[in-house]
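Here is a short briefing on one structure. Its points are grouped by topic.

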Amino acid sequence: MRGVVVTGRSCRVLARPGQRAVRVAVVREHGDVTPRASRSRGQLALAGAVAGGAGIAVAHALTNLLNARATPIQGVAEVVIEVTPGPVAEAFIQLVGRNDKPILVGGVTLAVIGLGALAGVLSARSRLAANLVFLAMAAIALLALMSRPGFTTAAVIPLAGGVATWLVVLAFLVDAVPTRAATGEAEGASPGAGPSRRFVIVAASVAVAAVAVGASGRLFGRSLRAVETTRRLLRLPVTRGAVPAGAELGVPGTTPWRVPSDEFYRIDTALVLPAIDPNEWRLRIHGMVDQELTLTYEDLLAREMTEAWVTLCCVSNPVGGDLIGNAWWSGVRIADLLAEAGVQPGADAVKQTSEDGWTCGTPLEALTDGRDALLAVAMNGQPLPVEHGFPARLVVPGLYGFVSATKWVVDLEVTRFQDFTAYWTERGWSARGPVKTQSRIEVPRGGAEVSAGRVRVGGQAWAQHTGIEAVEVRLDGQGWQRAELGGVPGNDTWVQWAVSLDVPAGDHTLAVRATDKSGYTQTAARADVVPDGATGWHTVDFTTT
């Protein structure tokens, strides 16, 4: 007699030895026969991935339409930046350069889409489990948004719209995935062409619609566009500044002494550019002062403007790196503002805070010792670009940006270093960041091929607020040769250098070093950028033929 094993909605009839077992359907009380309704895991994953992308698009569109500060994706990415240890963040920046923010946002986006695909696969067993994946992601995004500066309940609306889209689209697409019974498949066979093709068309249509929705939000969003329009219409009481005669030595391939604003390096933690209406901007100066000040943008423009050439440099700039630039800055002297507030005895620092919550600590001495430390409103004769701090930022000669150059600044607290920590000091960087004397070779570039004979080489050297005294180059380990220096208006800018060398045919190595006006000559010892800036000679290998 044959045995029968019941398994769920089917049973297996055990055959005699040598015969195949036969699986049959279980006949229910109603008499109907229920076939196995299995679906392709690949198609379920596609359904979940498209649902994830659709939710992202809707949240993005609603963020723009409501002029919210950040999308849920951006909020999560910002938290990732905050919790990442300083050395890890620095290693990532060195690896990907200025693409760090797009890569981070893209990574979070792909993670959501990937988890959406997982939810799609889980839906084959349990719709509840699939929905819980999306709800868990929503909870993480909500916590991220709530941790950001300026959080309001309105910021939840884009997230809620995205979650609703996730759940509705997931249910719709999972139901659209054809069952194997519907396609007439045997188990393990490839999906039938008709129903599967229809599902792919449906999924693709939903994906295209999601992209369209996301793009429409950007078209109709007003906040950043309105600020850009306001910025372009401003006419400030500033000049463009003229490059001093002799500052540029005319070596083809070297960086211009004045770096155009749209080519100026940008390093900050802002995934979302703060869109600040200058009419609503306020700067609070408080702490260890005799009287607290609150300044408007109009107040700043009514004050005496100071204009100066200042070179800014990022502490993350490696030896020979390009995270440095020189510009003509216009603004109000910080020393004058602090004098008006009345700094109290015992203070030694100013804690700066950006509109997006970023902080840094600046030595009080550097803001009051007579250097051109500015609350800047213009760059190269135009209102600050939004990405460089509009409507106002700090510019402090001689200090790395991580301790001085706050963009979108809204708060200055006079205090003591012992009473606070700032964004980067909490992540392993030093509390004070004087710029180190550095130089780099720009011509020839590493790996270049040039004609043998008389070769003109050149580059830049800098020691802001100390000044460059001399630059020397060395070819193939031979003696040092002094280079010609460009003329500069003071000690707060970089200096172009150039020299002509007799170079025979072959492979060569060129090194450069600078000596500043304090008498210090760059060390050859290489040091990493963490915790207070890189050291070492810049060298390039090139070939002459």
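Leu 66 lies in the loop between α1 (41–65) and α2 (72–83). Helices (H or I, at least four residues) and strands (E, at least two) are DSSP runs, numbered from the N terminus. This is a predicted model: local features need pLDDT of at least 70, side-chain atom pairs count only at pLDDT 80 or more, and totals for chains, interfaces and linings use all residues. Residues are numbered from 1 along each chain as its sequence is written, and side-chain values use heavy atoms, without hydrogens or water.

**Surface around Leu 66**
- Leu 65, Leu 66 and Ile 157 make a nonpolar surface patch of about 250 Å².
- Patch residues have over 30% relative accessible area and no salt bridge, with nonpolar side chains joined within 5 Å and like charges within 9 Å.
- A salt bridge puts a side-chain nitrogen of Lys or Arg within 4 Å of a carboxyl oxygen of Asp or Glu.
- Areas come from the Shrake-Rupley method with a 1.4 Å probe.

**Strands β6 and β7**
- 7 of the 8 residues of strand β6 (residues 306–313) are buried, so β6 is largely enclosed by the rest of the structure.
- β6 pairs with β7 (residues 324–333) in the antiparallel sense over 8 bridges; pairing takes at least two DSSP bridges.
- Thr 311 in this pairing stands opposite Asn 326 in β7.

**Open sheet**
- The 5 strands run in the order β5-β4-β13-β8-β9, with mixed pairing.
- β5 (293–296) and β9 (359–363) are the edges, each with a single partner strand, so one side of each lacks a neighbour in the sheet.

Note on methods: Buried < 20%, exposed > 50% of the residue type's maximum accessible area, 1.4 Å probe, protein only.
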